[in-house]
Amino acid sequence: MRVIICEDNLVQKEFIYKEIMNYANFHEPSIEVVLCTSTPDDVLTYLDRYQADCYFLDIELDHHLDGMDLAVTIRKKDPLATIIFITTHADRLKLTFTYKLAALDFIVKDTPNQIASQVKEALESAFVKYTQLGEVDSSEVIQIKIGERIKNIRLQDIYYFETSAIPHKITVYEKNGYYEFYGRLKDFEEVSSSFYRCHKSLLINLQHVNELDKKKRTVTMTNGAICDISFRASGELQRRIRD
């Protein structure tokens, strides 16, 4: 689960970061903080290229965008994201219902002796939601296990799968990186109508095909990768791309 923190109080930001990392290190290695910042601009820049799963957002940011505005943008980009608000003024929490942001939890700064437990409880709830999403909503995400880590990957973010040099393992290449895990290509062929087995060792996402070279029998994906096409799959692939 990828976590982003946006908090302009440096002491609070560092405290929340340490609490999340401590919990991840001792309890759940699937959790990682991918961005810890004081400004919404950094979050928006990150989201131009990548995605996160859980956001800790300060409502009262010293910026022309406050935490509510940032949450609205996040929610438009990713309806499945988990949002946890941090605030000094509990009465501001009523606005989250006005904005229809469906926040998972709230952390109130005026109870400093409880912040650590609030962060932990919010993180636990977020991870339960994250795990359940991967188990239940197969139309949106796949869930893979990498060692002791659990990772949800959105179908729309996947470029392709490839068999690994290590027996019984495959590698998935997606928007946020690539991961090797135990599995078989055929287990994912029917997950999405956009997935196509173009080669015995490759399963591509047709939504990310950028160019088809009929002569060389290759496809170039939107991430720049070049994938081979078998002779048998060539005709069907051309038809699927045309359709």
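Trainee: Which loop does His168 lie in?
Mentor: His168 sits in the loop between strand E8 (158-163) and strand E9 (169-174). Keep in mind that the model is predicted.
Trainee: What is the phi of His168?
Mentor: Positive, about 70°, although His168 is not a glycine. Most residues other than glycine have a negative phi.
Trainee: Is His168 buried or exposed?
Mentor: His168 counts as exposed, because its relative accessibility is 67% and the cut-off for exposed is over 50%.
Trainee: And Arg217, what about its phi?
Mentor: Also not a glycine, and the phi of Arg217 is positive at about 55°. Arg217 is in the loop between strand E13 (209-213) and strand E14 (218-221).
Trainee: What is the relative accessible area of Arg217?
Mentor: It is 34%, so Arg217 is partly exposed.
Trainee: Where is His208 found?
Mentor: His208 is in the loop between strand E12 (202-205) and E13.
Trainee: Buried or exposed, that His208?
Mentor: His208 is buried, because its relative accessible area is 15%, and buried means under 20%.
Trainee: Which residues is His208 in contact with, leaving aside neighbours within four places in sequence?
Mentor: Gln156, Asp157, Ile158 and Tyr159 are in contact with His208, and so are Thr220, Met221 and Thr222.
Trainee: Switching to strands. Where is Lys151 placed?
Mentor: Lys151 belongs to strand E7 (residues 149-154).
Trainee: Why does Lys151 count as buried?
Mentor: Because its relative accessibility is 3%.
Trainee: What does Lys151 contact, apart from neighbours within four places in sequence?
Mentor: Its contacts are Arg2, Glu32, Tyr130, Ile142, Gln143, Ile144, Ile146 and Tyr179.
Trainee: How are Lys151 and Met1 separated?
Mentor: They are 150 residues apart along the chain, and their C-alpha atoms are separated by 6.5 Å.
Trainee: New topic, cavities. How many of 30 Å³ or more does a search of the whole structure find?
Mentor: One. About 90 Å³ of space lies in the largest cavity.
Trainee: Which residues line the largest cavity?
Mentor: Met1, Asp53, Leu80, Thr82, Ala126, Lys129, Tyr130, Leu133, Val141 and Arg154. Met1 also turned up in the C-alpha separation from Lys151, and Tyr130 is in contact with Lys151.
Trainee: Where does the largest share of that lining come from?
Mentor: Helix H5 (residues 115-136) supplies it, with four residues.
Trainee: Last bit, the whole chain. How many helices and strands?
Mentor: Six helices and 15 strands. The C-alpha atoms fill a box of roughly 65 × 35 × 30 Å along the principal axes.
Trainee: What percentage of the residues is buried?
Mentor: Buried residues make up 47% of the 243. The chain exposes about 12,800 Å², with 49% of it supplied by carbon and sulfur atoms.
Trainee: And the charges, how far apart are their mean positions?
Mentor: 9 Å, taking the 31 positive and 37 negative charges of the protein chain.

How values were computed:
Residues numbered from 1 in each chain as written. Predicted model: local features only at pLDDT ≥ 70, side-chain atom pairs only at ≥ 80, totals over all residues. Heavy atoms only, no water. Helix = DSSP H or I, 4+ residues; strand = E, 2+ residues; numbered from the N terminus. Buried < 20%, exposed > 50% of the residue type's maximum accessible area, 1.4 Å probe, protein only. Areas by Shrake-Rupley, 256 points an atom, 1.4 Å probe, with all protein chains shown as cover. Lys, Arg positive; Asp, Glu negative; His and termini not counted. Charge placed at Lys NZ, Arg CZ, Asp CG, Glu CD. 1 Å grid on protein atoms, 1.4 Å probe; cavity = no way out; pocket = protein on both sides within 12 Å on 5 of 7 lines; lining within 4 Å. Points joined across faces, edges and corners; volume = space filled by probe spheres on them. Contact = heavy atoms within 4.5 Å.
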